[in-house]
Every structure is written in structure tokens, then in C-alpha cells.
Amino acid sequence: MNSGGAVAAGAEPSWRPPLALNGTASVMWRAGDDERVIRLTDGGYKQVGSAWSTLPVDLNHSFETRFTAHIRNGKAGADGIAFVVQGEGPRALGGWGGGMGYRGIHDSVAVEFDTFQNPKDPDDNHLAVVLGGNPDWPASSRKTSVPLKGKPFHARVHYDAAGTRLRVYVRPVTGEAEQLVIDHQVELADRAGVDQAWIGFTGATGDLSARQDVYSWSLGAPQA
Ligand SMILES: [Ca+2]
């Protein structure tokens, strides 16, 4: 593949913690560079995968995480992926389809990048914050003009622990302006039920499929 084959100048180094992989999730290494790719689903139907860092993250401290995602299957591609903070452990794996791989992970906060319109969804290209592993009742959801499928996009998730404020930004890899899509008040430690949480990604397909990859993942203290 050549999408984003070169790491952009100024890109932060990838974060490569050891991963716990479940369901259809696998790890690949992109040819030509040292990039680890987390493949959550590989294009089959009714797939579900999760990948968790085995290094816990302290939710009492602010953090910022960035990654690039690429969801594609021709012009379609479902159901999407989620960045998830959870307190249930490295084997956590939720439901397929609109469950996006996190449905049923009760002690969790999911930030979903949703490419299929289920009944409670505003459209087939939106972000949402979902509590308690229940995608049928998102705490916050909002459409974005940044295409979430067909082309890779950059995402930035910023958590202010003191202010218990979660902000999520996306932008296309082509260098267009970043959009603040989600700005939501939530205390992650409270919702995950732990101070030291598992963080990672989930993804699923249903009657529509997609190959869903996450790469260039970084994690650190928020930048000023
Ligand atoms: Ca959906």
C-alpha cells in the first residue's frame, strides 16, 4: 500500500506498547518503513477486533493521543472504529456491527468514528462519545465533513483530567485544517471504574465490511 507511505515531516514518533489482540485484530508492519499497523478487521463480514495497550494509563493525569485511521472497502466501509478507555482488562471484546467492537464493555468510554448509520446515529460519517458500552445511547454525537472512510484521517484525543473534559479533533491526512468535533464533559476514571486503565482500539463489520487500520499511534502529556 502507498497511502501515507512516507511519514510526514514533524510527525510525532509512533507509540508502540505491547498489545493484547482479540478477535480479528492483528498487527502488520508496513513495507518500506518501521510503521506498525493495527488491523482491527480485514474485510470480512461480521468481524470484531480489539487491541489494547498492555501498559496501563493513569486517568488522573491529562493525556493526548494521536493516531491515523484508514477505513476502506471501495466507497463504502462499515462499521467503523473506536478509541476506548476501559477497566475490564486485556481480553475485552464487544459486539459486531453497530456495536463496533465495544458494545457490552460496561466499564468504558468509547470515542467512535462511525461509518454506518444505525437507528440512533445522525449519519454514516460521525463521531460520538459512548459510555457504558452502549452505542444505542451516545452521550454526544456529531457529524464531521472530514471523510472517515475511503481515505485515511488523523485523529487527536485530548483529555483534561482536572477539568474532566474530553476533546476530539480530526483532519484529513492531506493537510487540511483540524476540526474540533467532540467537546464533552466526562470523568474517565469514574466511567472506567479504575485509575489505571486499558486503552486501545476496537472495530467491527456487519453486513457491510471494511479493512480497518490504525497506525502512527502516539500518547503523551498534552501539548501546550
Ligand atoms: Ca453506527
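1. Helices and strands are DSSP runs, a helix having at least four residues and a strand at least two, numbered from the N terminus. In this predicted model, the protein has one helix and 15 strands. Its radius of gyration is 16 Å, close to the 17 Å from the globule rule for 224 residues, so the protein is as compact as a globular protein of that length.

2. Along the principal axes, the C-alpha atoms occupy a box of roughly 40 × 40 × 30 Å. Of the 224 residues, 53% are buried. The accessible surface is about 9,500 Å², and carbon and sulfur atoms account for 49% of that area. Of the contacts between residues at least 6 apart in sequence, 67% join residues at least 24 apart.

3. Seven strands form an open sheet with antiparallel pairing, in the order S2-S3-S15-S6-S11-S12-S13. Strand S2 (26-29) and strand S13 (179-185) are the edge strands, each pairing on one side only. From one strand to the next, the twist averages 25°.

4. Valine 27 has isoleucine 38, in S3, as its bridge partner.

5. Aspartate 121 counts as buried because its value is 8%, and buried means under 20%.

Technical notes: Residues numbered from 1 in each chain as written. Predicted model: local features only at pLDDT ≥ 70, side-chain atom pairs only at ≥ 80, totals over all residues. Heavy atoms only, no water. Buried < 20%, exposed > 50% of the residue type's maximum accessible area, 1.4 Å probe, protein only. Pairing = 2+ DSSP bridges. Axes fitted to C-alpha atoms, helices over the stretch in contact; angles between N-to-C directions. Rg over C-alpha atoms; globule rule 2.2 N^0.38 Å. Contact = heavy atoms within 4.5 Å. Areas by Shrake-Rupley, 256 points an atom, 1.4 Å probe, with all protein chains shown as cover.
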